[in-house]
Amino acid sequence: MARLLTRRRLLRGAGLAAPALLLAGCDRLGASPSFRDMVLGSGEWLSWRVHRLIGANALAREYDPAEMSPRFRTNGNTSPRAPEWQRHAAAGFADWRLAVGGLVEGPRGFSLAELRALPVRSQITRHDCVEGWSAIGKWTGTPLAEVLNAVRLLPVARYIVLHCADDFGGEPYYESIDLVDAFHPQTILAWGMNDAPLPLGHGAPLRLRVERQLGYKHAKFVMRIEAVANLAATGRGRGGFWEDVAGYDWYAGI
Amino acid sequence: MSGAVAGHRLSTRLWHWVNAAVFFVLLMSGLMIFNAHPRLYWGEYGADYDPAWLEIGADAGRGYLRVGEVQIDTTGVLGTSRTKGRVWNVAFPGWATIPSTYDLALARRWHLSFAWLLALGLAGYAGWSLVNGHLRRDLVPRAAEVAPGNLRAEIGRHLRLDFPRDRYNVLQKLAYLVVLLVLLPLMVLSGLTMSPSMDATWPWLLDLFGGRQTARSVHFILAWTLVGFLLVHLAMLLLAGPVGRVGAMITGRRRAPGEGG
């Protein structure tokens, strides 16, 4: 009898204390960089690999004009402070040029007219923010593959980095994607939105659309594209602004 | 010990306890992810300018939960609450989320790595239960059990808190079957539907739920349905005698009827 009561008391005590202990334990584990990267990072790695295995070339759904969001909200920075961008914005991006370089055979610049002269793609797709909301809009632009083929990647290139004009607290925005996404047919450098020039708030003059990943991968105000062999030397080395400063997953397909 | 009072299989015990931990982490990290945009929509799209059918928020220091046209004051719990000595305008309070202070990136890491454990564990357990006969023998009710007369009698026994101790009763079987074969698979699928990459690979996910934002709403509703199951599950455990039952789920041995707990 005494043994039973003890066990019962023990169980009851454990039942009451377990949630609080588990929660405190989760906070402590989450604060540990090695647990964060090695244990909790395993999900990101597994998702990236499995998604590449079962659907590397799958196309994101494209919608009818009737299915578009009545109003597409902006997010992140809506007007970069960089003087260079401000000058270009004031001049309507007339002499703005996209710099494309890094591990390529023929680094060069592209004016908006030169980008528009390449094959053009329009797509009505769903934009999914990491926070949970979605909006459907129409994007028109030049496939990133066309630009990369024009400068010819060197065989050692593995990632494409997009350097942006905007910053948060002086730290510039940038993003990066692997070559599967870079050469995916729906990955475009958009200069048009909803049948109009890309609005300033949505990243004029040029933003990335990488339709199978979350919103923060869709870099806005793109100024320079760089092909790299690894991501270690860019920013703080995690492949993107939010990845660097807030620990967001580099692979944002989920 | 006759066949009917055989204890829980190792696979059942293992899955049960792994799931207990995984459910705890997924629920609480999920509530943190919800906190990043505490509004729910129907259809493919849904953002700040679109009508939300459910919203948790704060207005002039008062927290509220709004479902459709109905709004209730939830100050102190939902919308605005106190964590670590400070008042925060967050949908779900710090004591209910992982991590306890706002961190969407970290909550996603917990959620999206533990989701793999849930999905693989579910597939493994459901598959193994089919192979080893657990599903057919112990979980699928026999025709006589689901006869209306028997169901009525079983509900009556439950209301009198009279539970059989040596086998799963029919209500228990149905509850476990619904969780194993309906709620948890739908939880995994609605979660996958929120992935833009999985929507490209398996476009039927969007058709199954009728859009990404509907899938997000379904995911939220199912999470609370599972919390409801857990509460009933724990209530039944307490009523039926927690010591023997928890012991049986740990050791696999089951006490003979009448031997306490």
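Mentor: What follows describes the pocket, its lining and the packing of helices beside it.

This is a predicted model, in which local features need pLDDT of at least 70 and side-chain atom pairs count only at pLDDT 80 or more, while totals for chains, interfaces and linings use all residues. Residues are numbered from 1 along each chain as its sequence is written, chains are lettered from A and ligands numbered from 1 in the order in which they are written, and side-chain values use heavy atoms, with hydrogens and water left out.

The second largest pocket has a volume of about 1,100 Å³. A pocket here is an open set of points on a 1 Å grid over the protein atoms alone, where a 1.4 Å probe fits and protein lies on both sides within 12 Å along at least five of seven lines, and a lining residue has an atom within 4 Å of a point; the volume is the space filled by probe spheres set on the points. Of the 46 residues lining this pocket, H111(B), A115(B), G191(B), L192(B) and H219(B) are the closest to its centre. Two or more lining residues come from each of α3 (42-55) of chain A and α1, α2, α5 (170-193) and α8 (212-240) of chain B, helices being DSSP runs of H or I with at least four residues, numbered from the N terminus. By class, the lining has 34 nonpolar, eight polar and four charged residues, where Ala, Val, Leu, Ile, Met, Phe, Trp, Tyr, Cys and Pro count as nonpolar, Asp, Glu, Lys and Arg as charged, and the others, Gly among them, as polar.

The most residues in this lining, ten, come from α2(B), and that helix also packs against two others named above. Helix α1 (residues 10-35) of chain B meets α2 (residues 104-131) of chain B at an angle of about 150°, with the axes 8 Å apart; axes are lines fitted to C-alpha atoms over the stretch in contact, and angles run from 0 to 180 degrees between N-to-C directions. The two helices are therefore roughly antiparallel, a term for angles over 145 degrees. Their crossing is left-handed, that is, the near helix is turned anticlockwise from the far one by less than a right angle. The residues of this contact divide into 16 nonpolar, seven polar and one charged.

Between α2(B) and α5(B) the angle is about 150° and the axes are 10 Å apart, so this pair is roughly antiparallel, and α2(B) passes α5(B) in a left-handed crossing.

Conventions:
Angles under 35 degrees count as roughly parallel, over 145 as roughly antiparallel, 65 to 115 as roughly perpendicular and the rest as oblique.
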